[in-house]
Amino acid sequence: DASNMIKKDFEEQKWQCSSNQDISLLEQTLEENYNIINISFCDMSKEEAEKIANTIKKVYDLFPNIKGALSNITITNANTKSEYIAYFQPSYQFVNPNNDISTYNKVNKTQILLNSYYFLNENIISNPIEEVVDKNWYVSGATWESTIAHELGHYITFKLLLKENNIDNIILVTKDNENQINNIINDFDSGNFALSIINNALNNYNDKYNKNISLEDFASSISNYAGHKDENNQILYNETIAEAIHDYYLNGNSCSQASYEIIKIITSKL
């Protein structure tokens with residue numbers, strides 16, 4: 001019932017998008033193959049939709065055990081063009097359906113949002129991504145479409161956290177699981193879970209190469225974004241893992257040594 005509510009929500013918005021049979025078929029194929037409730041590329045060009053579809057396919061092929069927790073990948077209108085290119089949102093309370101399911105249950109979306117300012121603007125995405133982000137911000141070889149691999153990296157981290165708590169997804173929140181779900185979201189948002197993975201990878205790296213590099217140097221060796229710090233001078237550990245997955249997506253086993261050690265931890269946990 002919760003999944004059907006999410007489907008219905010997107011169906012009711014389809015009138016705002018132009019109809020393209022090829023893109024609709026592409027969306028449906030992705031939904032069915034990767035157990036995603038809804039894919040909505042809306043007015044995206046067929047060429048760009050196919051590029052993003054290929055990104056999604058490759059990430060799911062690299063990490064085949066991640067199906068089932070992502071509710072949607074959707075074009076959206078961000079508040080500002082600079083807010084984000086793409087964005088992973090682990091929990092968005094979509095509706096409290098009251099008597100539609102029960103008097104308590106809530107419905108969540110776990111989603112990836114694609115900023116329409118970029119992905120519907122062919123004049124922008126026909127140029128290198130470095131025209132809107134700092135040079136070397138992302139890992140080597142980054143493109144507009146590969147940023148979705150970065151966001152799927154956030155999703156993979158979240159999926160791992162769900163797995164460790166024996167939860168398949170958080171689409172339906174009940175009185176029995178609400179506290180557990182809130183704790184999981186807080187753990188994800190704080191970066192504590194990501195930090196535990198990075199520390200394990202760092203220890204393995206130092207042992208393997210007989211080194212003693214710092215966590216900061218380890219993260220920064222992936223990309224500038226992977227070592228980026230917040231206003232409290234704290235590394236954004238979720239971004240470190242997302243960039244490691246982004247690196248692995250683009251460069252395979254030729255990715256940075258730090259990314260490779262992180263990927264080994266992730267794949268073993270999956």
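User: Happy to look at this one with you! With which side chain does the side chain of Lys106 make a polar contact?

Analyst: This is a predicted model, where local features need pLDDT of at least 70, side-chain atom pairs count only at pLDDT 80 or more, and totals for chains, interfaces and linings use all residues. Residues are numbered from 1 along each chain as its sequence is written, and side-chain values use heavy atoms, leaving out hydrogens and water. Lys106 lies in strand β4, residues 106-115. At 2.7 Å, its side chain makes a polar contact with the side chain of Glu178.

User: Thanks! Is Lys106 buried or exposed?

Analyst: Buried means under 20% relative accessible area, exposed over 50%, and partly exposed in between (1.4 Å probe, protein chains only). Lys106 has 17% relative accessibility, so this residue counts as buried.

User: And Gln21, buried or exposed?

Analyst: Gln21 sits in helix α2, residues 21-34. Its relative accessibility is 70%, so Gln21 counts as exposed.

User: How do the axes of α8 and α10 lie, parallel or oblique?

Analyst: Good one! The axes of α8 (residues 192-209) and α10 (residues 237-251) come within 8 Å and cross at roughly 55 degrees. Angles under 35 degrees count as roughly parallel, over 145 as roughly antiparallel, 65 to 115 as roughly perpendicular and the rest as oblique. Therefore α8 is, relative to α10, oblique.

User: Which residues of α10 make the contact with α8?

Analyst: Contact means heavy atoms within 4.5 Å. From α8 come Ala194, Leu195, Ile197 and Ile198, and they meet, on α10, Tyr237, Asn238, Thr240 and Ile241.

Methods. Helix = DSSP H or I, 4+ residues; strand = E, 2+ residues; numbered from the N terminus. Polar contact = N/O pair within 3.5 Å; in protein donor to acceptor, adjacent residues only side chain to side chain. Axes fitted to C-alpha atoms, helices over the stretch in contact; angles between N-to-C directions.
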